[in-house]
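This briefing goes through the local features of one protein model, topic by topic. Please keep the sequence and the structure in view while reading.

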Amino acid sequence: MKQIPKKINVAGIDWIIKQDKKEYGSSFTFKNHIIILGTNYKKVDDVIEALIHEISEIIHLTLNTRYTDTANDSYFFIMNHAQFQTHNDILINTLIKNKIIMI
């Protein structure tokens with residue numbers, strides 16, 4: 001991939017990717033379908049990892065396998081093997097169709 005796409009489709013939903021050159025890490029807003037991607041890294045691999053992280057969390061939200069841990073201000077994931085495989089299928093299709101990885 002030569003550059004980060006400005007839009008991607010994850011599980012049938014179009015998402016806008018907004019890059020922030022001053023930030024590390026990433027986040028997303030499910031309501032507005034926006035991914036904020038920090039690009040203040042030395043290696044593009046780290047930017048791609050952050051994008052894949054957000055895509056994976058979006059998939060888990062879509063599958064209802066991501067839960068909020070309010071006591072620790074965090075998230076946890078619970079899934080059976082079929083849900084795990086569905087996540088993987090959606091993830092690889094998302095990465096290929098949006099040209100984030102090429103095979």
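The points below cover the helix, the hairpins, the aromatic contacts and the charged contacts.

The model is predicted. The structure holds 4 aromatic pairs and 1 salt bridge. Arg-66 takes part in that salt bridge with Glu-57, and the charged end of Arg-66 also sits over the ring of Tyr-75.

**Helix H1**

- Helix H1 covers residues 44–62, which is 19 residues.
- From the first C-alpha of H1 to the last is 27 Å, close to the 27 Å expected at 1.5 Å a residue.
- The buried residues of H1 include Val-47, Ile-48, Ala-50 and Leu-51, and a further run from Glu-54 through Ile-55, Ser-56, Glu-57, Ile-58 and Ile-59 to His-60 is buried as well.
- An α-helix has 3.6 residues a turn, so residues three or four places apart point the same way.
- Asn-64 follows H1 and has a positive phi, near 60°.

- Strands E3 and E4 are antiparallel and pair over 4 bridges.
- Across this pairing, Phe-28 stands opposite Ile-35 in E4.
- The two strands form a hairpin with 4 residues between them.
- His-33 lies in the loop between E3 and E4, and its phi is near 55°, a positive value in a residue other than glycine.
- Most residues other than glycine have a negative phi.
- His-33 counts as partly exposed because its relative accessibility is 26%, which falls between the limits of 20% for buried and 50% for exposed.

- Strand E5 spans residues 66–69, and 4 bridges join E5 to strand E6, residues 74–77, in an antiparallel arrangement.
- The bridge partner of Thr-68 in E6 is Tyr-75.
- Asp-73 is found in the loop between E5 and E6, where its phi is positive, near 50°.
- With a relative accessibility of 75%, Asp-73 counts as exposed.

**Aromatic contacts**

- Trp-15 and Phe-30 make one of the 4 aromatic pairs. Their ring centres are 5.6 Å apart and their planes stand at 70°, so the pair is edge-to-face.
- Trp-15 belongs to strand E2, residues 13–20, whereas Phe-30 is in the loop between E3 (26–29) and E4 (34–38); the pair therefore ties together parts that are 15 residues apart in sequence.
- Trp-15 is buried, at a relative accessible area of 0%, whereas Phe-30 counts as partly exposed at 32%.
- Tyr-24 and Tyr-41 form another pair, with ring centres 5.3 Å apart and planes at 80°, so this pair is edge-to-face too.
- The tyrosine pair links distant parts of the chain, since Tyr-24 is in the loop between E2 and E3 and Tyr-41 in the loop between E4 and H1, 17 residues apart.
- Tyr-24 counts as exposed at 57% relative accessibility, and Tyr-41 is partly exposed at 26%.
- Trp-15, Phe-28 and Phe-30 form one aromatic cluster.

**Charged contacts around Arg-66**

- Side chains of opposite charge can pair when their charged atoms come close.
- Glu-57 and Arg-66 form a salt bridge, their closest N and O atoms being 2.5 Å apart.
- The side chains of Arg-66 and Glu-57 are likewise joined by a polar contact of 2.5 Å.
- Are the two partners buried or exposed? Glu-57 is buried, with a relative accessible area of 11%, and Arg-66 counts as buried at 15%; the cut-off is under 20%.
- Glu-57 is among the buried residues of H1, while Arg-66 lies in strand E5.
- The charged end of Arg-66 is 3.6 Å from the centre of the Tyr-75 ring, over which it sits. Tyr-75 is also the bridge partner of Thr-68.

Definitions and conventions
Residues numbered from 1 in each chain as written. Heavy atoms only, no water. Expected span 1.5 Å × (residues − 1). Buried < 20%, exposed > 50% of the residue type's maximum accessible area, 1.4 Å probe, protein only. Phe/Tyr/Trp six-rings, centres within 6.5 Å; stacked < 30°, edge-to-face > 60°. Lys NZ or Arg CZ within 6 Å of the ring centre and 35° of its normal. Pairing = 2+ DSSP bridges. Salt bridge = Lys/Arg side-chain N within 4 Å of Asp/Glu carboxyl O. Polar contact = N/O pair within 3.5 Å; in protein donor to acceptor, adjacent residues only side chain to side chain.
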